[in-house]
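Subject: Structure handover

Hello,

Here is the structure I said I would pass on. Please open it beside this email, as the notes below follow it part by part.

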4 protein chains.
Amino acid sequence: MIGQDHIRRLTKVLYGAEIKGVTDIDLDRARAAAPEGAEVFDTPKALIASDHVQAVVICSWGPAHEEQLLDCIAAGKPVFCEKPMVTTEAAALKVIEAETAFGRRLVQVGFMRRFDGDYRRLKRVIDGGSLGAPLMYHSVHRNASVPEGLYTSDMPLNDTMVHDADISRWLLSDEVAAVEVRLPRRSGRGNDLRDPTIVLLHMTGGAIVDVEISVNVAYGYDIRGEVSCEMGIAALPNRPATVISDQHGIRQAIPEDWRERFIDAYDQEFREWIVAAGQGTATGPSAWDGYAATLVSDAALRAVASGEREAVAMIEKPALYSEPTAIAAE
Amino acid sequence: MIGQDHIRRLTKVLYGAEIKGVTDIDLDRARAAAPEGAEVFDTPKALIASDHVQAVVICSWGPAHEEQLLDCIAAGKPVFCEKPMVTTEAAALKVIEAETAFGRRLVQVGFMRRFDGDYRRLKRVIDGGSLGAPLMYHSVHRNASVPEGLYTSDMPLNDTMVHDADISRWLLSDEVAAVEVRLPRRSGRGNDLRDPTIVLLHMTGGAIVDVEISVNVAYGYDIRGEVSCEMGIAALPNRPATVISDQHGIRQAIPEDWRERFIDAYDQEFREWIVAAGQGTATGPSAWDGYAATLVSDAALRAVASGEREAVAMIEKPALYSEPTAIAAE
Amino acid sequence: MIGQDHIRRLTKVLYGAEIKGVTDIDLDRARAAAPEGAEVFDTPKALIASDHVQAVVICSWGPAHEEQLLDCIAAGKPVFCEKPMVTTEAAALKVIEAETAFGRRLVQVGFMRRFDGDYRRLKRVIDGGSLGAPLMYHSVHRNASVPEGLYTSDMPLNDTMVHDADISRWLLSDEVAAVEVRLPRRSGRGNDLRDPTIVLLHMTGGAIVDVEISVNVAYGYDIRGEVSCEMGIAALPNRPATVISDQHGIRQAIPEDWRERFIDAYDQEFREWIVAAGQGTATGPSAWDGYAATLVSDAALRAVASGEREAVAMIEKPALYSEPTAIAAE
Amino acid sequence: MIGQDHIRRLTKVLYGAEIKGVTDIDLDRARAAAPEGAEVFDTPKALIASDHVQAVVICSWGPAHEEQLLDCIAAGKPVFCEKPMVTTEAAALKVIEAETAFGRRLVQVGFMRRFDGDYRRLKRVIDGGSLGAPLMYHSVHRNASVPEGLYTSDMPLNDTMVHDADISRWLLSDEVAAVEVRLPRRSGRGNDLRDPTIVLLHMTGGAIVDVEISVNVAYGYDIRGEVSCEMGIAALPNRPATVISDQHGIRQAIPEDWRERFIDAYDQEFREWIVAAGQGTATGPSAWDGYAATLVSDAALRAVASGEREAVAMIEKPALYSEPTAIAAE
């Protein structure tokens with residue numbers, strides 16, 4: 001489904017890309033989704049190998065990503081991969097190894113929040129330094145509801161919280177050193193779902209991130225973030241909805257879901273990817289970020305079981321991921 | 001009704017006053033309202049004359065105010081008078097003449113907004129001067145509803161707008177030189193009522209105040225004010241209601257009516273009056289302000305009939321009203 | 001300058017257009033601005049006539065627009081024209097006559113606010129009808145500063161206010177019947193400039209729009225709008241800037257200028273134009289809207305001279321402009 | 001110092017109390033502070049015993065409170081005691097034992113937040129139930145600065161956090177079952193001070209409170225609170241400061257210190273105490289609440305040392321504290 005949305009984005013919204021080929025486990029679905037002039041490939045391998053394909057977008061399910069990413073790297077082709085990049089630490093390390101051996105970034109992971117205007121402005125304020133060092137970050141993630149049955153008790157940690165962890169690492173320019181999970185009284189709205197959840201991320205530099213996750217809060221999709229610095233506070237604003245005064249008070253609507261909230265971020269994510277891919281490389285969230293997300297998610301699942309503080313042990317950061325990718329100015 | 005509320009305020013809320021006597025056209029009502037130990041007088045004249053009475057609060061209907069005020073001034077007793085101070089220009093001039101002849105302020109008029117914390121902070125910002133001179137003031141007055149039948153089409157101008165005119169004069173430290181009235185499309189909610197109304201107050205110093213009056217706007221009692229200065233803007237804030245996020249959005253309740261909105265201002269108004277009256281004088285809105293309100297109200301009624309700009313011609317301001325009253329520090 | 005910005009937009013940002021030719025009074029400037037592969041034409045006439053050109057963007061100065069628009073219409077080519085569409089009523093009528101004779105909309109005028117997300121959401125709330133009929137609209141237009149010497153005292157009315165007039169007509173789905181202008185005390189920041197300005201737009205349906213224009217207010221580019229309806233209020237929100245708490249209070253930055261405020265609206269304006277032009281027609285603000293802007297601007301200039309209410313007399317609206325243009329869904 | 005402020009409050013602001021006697025360790029200071037007509041007692045014991053004294057206000061330092069409270073209870077006199085009620089669990093239990101033996105509430109503890117309008121409205125929303133059960137509470141406590149040298153590293157937990165703990169118990173109508181403390185990277189502004197601090201309060205009913213304490217944040221005194229319920233969120237609003245638009249953005253001032261923030265709450269606290277004391281009893285925060293504060297504070301200090309979850313073990317709640325005190329309506 002998100003694949004079809006990206007096809008629309010690349011063909012109807014954004015400048016600079018052309019869809020040359022499509023594939024899917026269900027080839028009928030691939031044929032239906034393929035825009036005019038696009039070839040339907042039998043397998044991802046065939047698509048990645050095609051001379052007509054310069055760059056690849058992966059929207060398959062998580063366990064399939066490892067092989068597809070390694071094929072793209074082997075072919076030297078830039079690749080955008082929806083999260084999760086991979087599903088195990090071992091797979092993440094293989095992707096990193098292959099990409100560092102190749103010597104240039106090729107992988108971009110779909111953490112779209114980094115392309116959202118609100119988060120970008122927030123980061124500029126933090127990085128600007130006028131408020132001093134960031135010491136605490138309060139990250140709030142609220143879904144109106146989640147699909148009953150399909151959304152299980154581990155998902156607040158390994159599907160939802162990875163966004164908060166990634167944005168925390170990015171906003172604070174830091175890594176997660178350890179994770180704790182605390183479980184408040186359960187919401188009566190979620191049947192057997194473990195919800196809400198509080199996660200404490202202990203950052204390497206000492207800052208603490210407390211993440212409040214509620215996935216069944218009825219009223220809307222509400223994403224909040226507030227960074228407490230030594231000399232001031234910086235926070236995400238209300239969404240720019242019409243200010244209505246009526247019998248419900250003076251009020252602004254809250255987005256219904258992530259599509260409404262992050263639609264511009266998805267566009268911007270691909271806009272920047274197209275530019276980078278056109279230059280044979282990638283930008284934004286990297287394989288390193290995908291690796292970090294996997295480790296934090298694993299640690300969170302251990303922490304919910306143990307009730308203890310679980311360490312996140314990362315390999316030394318390869319030089320490839322230490323510098324921003326050089327993208328030639330347009 | 002407001003008289004009973006003031007009795008409660010003076011006996012149960014505020015320090016420093018004692019109710020020694022009460023009167024009313026309906027003496028049974030006076031007897032019912034009188035707190036223990038208070039004498040019920042047959043007439044206002046008798047009450048004002050009593051040696052036990054040091055200061056007077058007038059809550060009778062407008063046309064009765066002139067005589068009662070003149071009696072108080074003749075007796076040299078401080079008097080708090082609910083608005084309108086009087087109902088004709090001639091009456092206002094008589095009160096001013098009597099008070100200036102007496103030589104000390106005795107009259108305080110019930111423009112309670114001047115005692116409201118939000119307005120006082122707004123005035124401090126304007127007077128502070130950091131935003132430059134005030135050039136425009138946008139004053140918004142919205143009632144949820146008005147009593148059908150009792151509230152007539154002149155009342156937005158001579159009952160409601162006088163608050164906006166008084167607060168404009170006070171905020172801008174200026175007088176009204178002329179008035180224009182414009183009538184937008186009528187609200188379908190008000191039967192035959194002329195509503196809403198736009199009033200332009202041309203101030204002597206050149207600033208223009210545009211007043212938006214809606215008396216039947218259903219959703220609440222919403223008082224707004226925004227001063228545009230040469231280098232910035234200062235405005236009344238939202239009321240301090242709980243911020244609720246629910247299916248109606250992120251929102252704050254709006255007061256239901258003027259009692260809820262200005263309850264603290266009424267208390268503060270009397271708190272300061274008690275101190276001034278204890279020193280034999282008055283503070284806050286003066287007979288001069290009551291006179292100005294009468295003239296502006298008259299001009300607005302002429303303007304709605306003529307469609308033209310109607311001048312407000314005031315006498316020269318007596319020295320008595322030029323200086324703030326000296327109230328000894330507590 | 002805005003022409004170069006549109007070239008960037010059409011070549012680097014948006015999907016669906018290709019720049020085939022460029023011209024300018026200064027041909028050297030045209031050559032410098034032309035993207036690779038674009039022909040530089042000696043005259044607008046030659047460009048418009050070229051078989052390689054399917055649609056035209058006019059960014060020349062106002063007096064040149066009439067002839068260029070008529071040429072485009074004669075050639076049956078969709079044309080985007082920056083405001084002012086034309087500079088006289090007679091010219092506006094000629095454009096309308098030509099386009100109605102042609103029988104299909106070709107002209108789109110550059111009122112970009114109609115493409116801004118905040119205004120669009122505001123209009124949806126009004127049109128939704130839950131607040132009842134709109135009765136008053138308070139439109140505030142503040143510039144941090146204007147170029148000294150270049151920006152003259154008529155420009156708040158014929159350059160700045162046309163945006164407020166257009167957005168008022170659009171938000172209220174109504175026409176301007178008459179205009180009044182009131183001049184508050186002048187700001188000391190503007191030398192001899194007539195600033196600020198209050199404009200009252202009397203709409204045909206009875207609603208009154210009061211426009212507050214300040215073009216030298218130092219602190220930023222601040223665009224506000226509040227619609228008062230029978231049962232509630234709808235207003236533009238604060239811009240989505242980071243919420244910072246520091247020694248200046250709890251605060252959100254205000255845009256510096258119109259580029260920052262409306263950058264997304266410009267993109268969206270052209271995005272929709274490209275789609276419409278690709279179907280041989282136009283969308284959004286029409287020649288009729290350009291005509292209305294000219295009349296309102298003329299009436300405002302008469303009103304500032306006369307001090308009176310100046311009527312806006314429009315011809316009967318041709319059927320061509322009564323219906324939204326049919327644009328095939330993508 | 002706070003004693004002098006309470007004398008001012010009782011003599012100049014509030015109705016219903018008269019200061020009959022004063023005492024202090026430094027009798028010269030007592031004489032200077034005593035209002036006209038008030039007796040200066042040599043000892044607290046003498047003051048409490050005096051027939052002229054109906055009710056007592058204790059503003060001495062913490063360790064002196066136990067004896068003075070027990071004397072008041074023995075004399076059957078209502079007593080207002082500034083926090084901390086006492087400094088040890090044993091002392092708290094003695095006070096509770098004496099008061100329950102007496103059989104009527106006499107002790108009111110100075111947790112003034114419960115009398116603040118913002119908190120009261122917040123509690124009404126939670127108790128109203130429309131948002132469902134409260135699951136998490138995010139309580140933020142920020143001081144601009146603390147007195148260097150005098151404010152030590154334990155004080156965020158035993159002096160500052162007790163307010164958050166008390167208001168959490170009150171808002172959620174629950175008790176604290178256990179406490180955890182986490183220490184983020186230290187602020188560079190506080191020399192050797194342990195600041196900021198994160199405290200997790202595990203409530204008996206399962207809700208989790210996360211308290212963010214920063215005592216040196218430079219920009220102001222900023223108290224925030226947000227309750228996450230099953231179906232929505234309720235939060236304290238911005239303070240009602242003038243909305244200023246200038247070069248710093250659109251902004252509202254933040255209070256400088258607790259005096260500015262809670263001045264109305266202190267008045268209201270005493271207003272209600274006077275009524276209750278006049279009826280021979282007490283209202284609001286009780287000896288039970290003082291006992292709970294002592295236990296939570298002790299647990300927090302253990303938790304910062306152990307790094308572990310420290311339990312709060314309370315005795316069974318005496319019936320005396322289970323019901324709201326019956327105060328006759330005025």
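Start with one pair of residues: C:Val56 stands opposite C:Val79 in β4(C). Helices (H or I, at least four residues) and strands (E, at least two) are DSSP runs, numbered from the N terminus.

Before going further, note that this is a predicted model, in which local features need pLDDT of at least 70 and side-chain atom pairs count only at pLDDT 80 or more, while totals for chains, interfaces and linings use all residues. Residues are numbered from 1 along each chain as its sequence is written, and chains are lettered from A and ligands numbered from 1 in the order in which they are written.

The sheet in chain C

Three bridges join β3(C) to strand β4 (residues 79-81) of chain C, and the two run parallel. Two strands count as paired if DSSP finds at least two bridges between them. These strands belong to an open sheet of three, in the order β3-β4-β5 (chain C), with parallel pairing. Its edges are β3 (56-58) and β5 (107-109) of chain C, each of which pairs on one side only. From one strand to the next, the twist averages 20 degrees. Axes are lines fitted to C-alpha atoms, for helices over the stretch in contact, and angles run from 0 to 180 degrees between N-to-C directions.

Two helices in chain A

Two packed helices are described by the angle between their axes and the distance between the axes. Helix α1 (residues 2-13) and helix α8 (residues 258-278) of chain A have axes that come within 11 Å and cross at roughly 70 degrees. This makes α1(A) roughly perpendicular to α8(A) (angles under 35 degrees count as roughly parallel, over 145 as roughly antiparallel, 65 to 115 as roughly perpendicular and the rest as oblique). A:Arg9, A:Leu10 and A:Val13 in α1(A) meet A:Tyr266, A:Asp267 and A:Phe270 in α8(A). Residues are in contact if their C-beta atoms, placed from the backbone, lie within 7 Å. The residues of this helix contact divide into four nonpolar, no polar and two charged. Here Ala, Val, Leu, Ile, Met, Phe, Trp, Tyr, Cys and Pro count as nonpolar, Asp, Glu, Lys and Arg as charged, and the others, Gly among them, as polar.

Where chain C meets chain A

This contact takes 26 residues from chain C and 26 residues from chain A. On the chain C side, α1 (2-13), α6 (117-128), β11 (233-235) and β12 (243-246) each supply at least two residues. The largest share, five residues, comes from α6(C). By class, the side of chain C that touches chain A has 15 nonpolar, five polar and six charged residues. Strand pairing also crosses between these chains: three bridges join strand β11 (residues 233-235) of chain A to β12(C), and the two run antiparallel. In this pairing, A:Ala235 stands opposite C:Val243.

Where chain C meets chain B

Here 28 residues of chain C are in contact with 28 residues of chain B. Of the strands of chain C, β6 (134-142), β8 (197-203) and β9 (208-214) each supply at least two residues, and β9(C) gives the largest share, four residues. The side of chain C that touches chain B has 13 nonpolar, nine polar and six charged residues.

A rotation of 180 degrees with 0.0 Å of shift along its axis superposes chain C on chain B (RMSD 0.0 Å). The two copies are thus related as by a two-fold rotation axis. Copies are superposed by least squares on the C-alpha atoms of residues with pLDDT of at least 70 in both. C:Asp210 comes closest to the axis of the residues of chain C, at 4.3 Å (C-alpha).

Regards

Key: Two residues are in contact if their C-beta atoms, placed from the backbone, lie within 7 Å.
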